[in-house]
Amino acid sequence: MAFPGVLLLLLMGALARIPGSEGGKETPAHFLYQTKSECRFFNGTQRVRFLDWDIYDRQEIVRFDSDRGKFVAITELGKAAAANWNSDKVYLQSRKAAVDSFCWYNYGVAQSHSVVGRRAKPSVTISPTKMDPTSPNTILLCTATGFYPVEIEVQWLKNGRPEKEGVAFGEELQNGDWTYQLQVMLETQTQRGDVYTCKVEHASLEAPITVQWEPRSSSSARSKLWTGIMGAVIGVAFLAVGLFSYLKSKKGYRWGGGPPESSSP
C-alpha cells in the first residue's frame, strides 16, 4: 500500500542554478523540477519504507531510501546534491524521520476517513429478463452493489450445482462513495422446479450471501389456464339452466320432488 505525495515546481524565466552545475552555467529559460515521496507498507503495517525522488526534466537524479538511510545519486547531475544532503545531518535525520512524520501520519489520516481497513457489505439482487421473445433462453442478472474493498467472488448455481456455461462477468464499477458494483449474467433455459442461486463471497461477510430465484409460468400460460377455467364454469352454468328448463317443462312434474297428487272423484 502506498501513499504518494507529489510536489510539482515550475520555474519560468529563472536564472537559478541546478544542483551540480559548474562554471556559473545558467539553466534553461523553462525547466521542470519535481520531487515525489512514497510510503510502502509490507505485511500489513509491520514494515514501512519511505522513498523520496528528485526529478529534473523528467529524469530522476537523486533518491532517498529509508532502508539505506541516505541519498543516492542516480545521474551525474545528482552527485553534488546527494553529497551535500548526506553531509547535512539535520536534513538527513528529517528524511529518516519521514517514516513516522509522513508515512505513519498519512496512514492515520487514511484510517480516520475509513479508507484503510474499511469493509462494506454488498447488497445482492436477481433480475430475470428475455432479450429475444422468440428465444427459449432467459437472462438472469445477479447484481452485487455497495461493497468495499473491490475484491469479490460471484457464482451462479443451478439446483445447488455451479453453472459454468452461459455465464458472463461485467467489470467492477465505482459508485463514487468508495464502494463498487458488479453484475454477473447467466443465460439459460429455465424450467419449472429449477432453483437458481447467486452466491456472493466478500471480505465484509462472515458467511456468503445467497439469493434464490425460481421460474414461474409465463403470462401466456397463465392466460390460457384462466380462459380454460372460465370456459368450464360458463359451460356448467349453461348445463344447469338447460337441465332446469327441461325438467320444468315436463308435463305433470312438480318441482320439489314426487309425482303429482291424484284428485278425488
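**View 1. Cys198, a buried cysteine.** In this predicted model, Cys198 has a relative accessible area of 0%. That value counts as buried because the cut-off is under 20%. Cys198 forms a disulfide with Cys142.

**View 2. The link of Cys142 and Cys198.** The two sulfur atoms lie 1.8 Å apart. The torsion about the S-S bond is -75°, and the link is left-handed. Cys142 sits in strand β7, residues 138-147, while Cys198 sits in strand β13, residues 196-202, so the pair ties together parts that are 56 residues apart in sequence. Cys142 is buried too, with 1% relative accessibility.

**View 3. The link of Cys39 and Cys103.** Here the sulfur atoms are 2.1 Å apart. The torsion about the S-S bond is about -85°, so this disulfide is left-handed. Cys39 belongs to strand β2, residues 30-42. Cys103 belongs to helix α3, residues 98-112. The pair therefore ties together parts that are 64 residues apart in sequence.

**View 4. Cys39 and Cys103: buried or exposed?** Cys39 has 0% relative accessibility and counts as buried. Cys103 also has 0% and counts as buried.

**View 5. The disulfides of the whole structure.** How many disulfides does a search of the whole structure find? The search finds 2. A disulfide is a covalent bond between the sulfur atoms of two cysteines. With the bonded cysteines numbered in sequence order, the pairing reads 1-2, 3-4.

Conventions
Residues numbered from 1 in each chain as written. Predicted model: local features only at pLDDT ≥ 70, side-chain atom pairs only at ≥ 80, totals over all residues. Heavy atoms only, no water. Disulfide = S-S within 2.5 Å. Helix = DSSP H or I, 4+ residues; strand = E, 2+ residues; numbered from the N terminus. Buried < 20%, exposed > 50% of the residue type's maximum accessible area, 1.4 Å probe, protein only.
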